[in-house]
Amino acid sequence: MVRILRCFLLTVHLIVSCLLGLFYGLIRPFHPTNSRWCSKTFAFLGLPILGMKARVTGQENFPKDNTFIIVANHQSNWDLFVVGNILPPRTVSIGKKSLKWVPLFGQLYWLAGNILINRGDKQKAMQAMETTKNALLKKRTNIWFFAEGTRNLGDNMLPFKKGAFITAIEAGVPIVPLCCSSYRKNFDFNRLNNGCVDIKVLPQIETKGLGKEDVDKLMQTCHSEMTKTIDLLDKKQAHTREAVGLNRCLKT
C-alpha cells in the first residue's frame, strides 16, 4: 500500500513540477538560475514523499568569488530530490542528449539551461565541453558533473570519466567534490521512513597551473577523497541505524 501511494504521489509531483518548470523556462529560457529553481521545486515535496531527509555539511566550501565545477557521486534518479535543495546559484548540469526527448522532464531540463552532450559522438562531445568551458568563463555559470557517467545504485563509486577534469583544467577553475551517503541500497519503497541522507561538500581542489598531463592524477585525487568521505558517511549512517534499532528494542 505504501509503495502504491508513494508512486502515485511521486507521479503527480513530477508532472506538476515539470509543468511549473516549463512555464518558468518559457518565460526566460536557458537562464542559469532556472535549474536551481526547478531543483528546489523537485526537492521540496520529493524528499518527504520518499520518506527521507537531507543533512548537509560543508556548504561554506562552495567558492564565493569564482565559478567552479561540482563533482558528485550518482546513485539513482532520486538524486534529483536528494541534492535539489543544495544546488548553488547559477549552476547547471551536464546530461545525455537523449534526455531532451523524455516527456516533460526532458524539455524542462533543456529549457533550464543544462548542457546536453552526445556521448556516443566524440567530436560532438568535445564541442559540448567547449560550450561548458565558455559557460564557466564567459557566462559565470557553475557546472555540476556526475563524473561516473551513470548510476552506481548505491554501491562503490564507479571509475570517473575525464570530461569534468579536462574542462576544469582548461578553464582554470576549481573542482568541488560533493559526497552523498549510500542511501540507495537501504531505500525501501514500502517503508514510510527511509532515514536521513548525509551530504558533505569537500574543500575545493585547485586546478590553476595544471596541464593535460595532470588529468589522471587530478581525477584519482578527487575519486580517492570522495571514496574516503562516502565511506565515513556510510559508517555514520550504519551507527545511527544500529542506535535506532537498539532504542526500539529497549522500548519494547
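Colleague: Which residue in strand 6 stands opposite Ile 69?

Modeller: The model is predicted: local features need pLDDT of at least 70, side-chain atom pairs count only at pLDDT 80 or more, and totals for chains, interfaces and linings use all residues. Residues are numbered from 1 along each chain as its sequence is written, and side-chain values use heavy atoms, leaving out hydrogens and water. Strand 2 (residues 69–72) and strand 6 pair in the parallel sense over four bridges; pairing needs at least two DSSP bridges between two strands. In strand 6, Ile 69 faces Ile 175.

Colleague: In strand 7, what is the bridge partner of Cys 179?

Modeller: Strands are DSSP runs (E, at least two residues), helices likewise (H or I, at least four), numbered from the N terminus. Strand 6 and strand 7 (residues 196–201) pair in the antiparallel sense over three bridges. The partner of Cys 179 is Lys 200.

Colleague: How many of the six residues of strand 6 are buried?

Modeller: Buried means under 20% relative accessible area, exposed over 50%, partly exposed in between (1.4 Å probe, protein chains only). Side chains in a regular strand alternate between the two faces of the sheet. Ile 175, Pro 177 and Cys 179 are buried on one side of strand 6, and Val 176, Leu 178 and Cys 180 on the other. Strand 6 (residues 175–180) is therefore largely enclosed by the rest of the structure, and its buried count is six of six.

Colleague: What kind of pair do the rings of Phe 105 and Tyr 109 make?

Modeller: Rings of Phe, Tyr and Trp (its six-membered ring) pair if their centres lie within 6.5 Å; planes under 30 degrees apart count as stacked, over 60 as edge-to-face, the rest as tilted. The whole structure holds 12 aromatic pairs. Here the ring centres are 5.9 Å apart and the planes meet at 35°, so the pair of Phe 105 and Tyr 109 is tilted.

Colleague: Is Tyr 109 buried or exposed?

Modeller: Phe 105 and Tyr 109 are four residues apart in helix 4 (residues 105–111), about one helical turn. Phe 105 is partly exposed at 22% relative accessible area. For Tyr 109 the value is 12%, so that residue is buried.

Colleague: And what kind of pair do Phe 160 and Phe 165 form?

Modeller: Their ring centres are 5.7 Å apart. Their planes are at 25°, so the pair is stacked.

Colleague: Which residue lies over the face of Trp 110?

Modeller: A charge sits over a ring if NZ of Lys or CZ of Arg is within 6 Å of the ring centre and within 35 degrees of the ring normal. At 4.4 Å from the ring centre of Trp 110 lies Lys 100.

Colleague: Where is Phe 30?

Modeller: Phi of Phe 30 is near 65°, a positive value in a residue other than glycine. At 42% relative accessibility, Phe 30 counts as partly exposed. Its place is the loop between helix 1 (2–27) and helix 2 (34–50).

Colleague: What is the radius of gyration of the chain?

Modeller: The chain has seven helices and seven strands. The globule rule gives 18 Å for 252 residues, and the chain's value is close to it, so the chain is as compact as a globular protein of that length. The rule is 2.2 Å times the number of residues to the power 0.38, and the radius is taken over C-alpha atoms. For this chain the radius of gyration is 19 Å.
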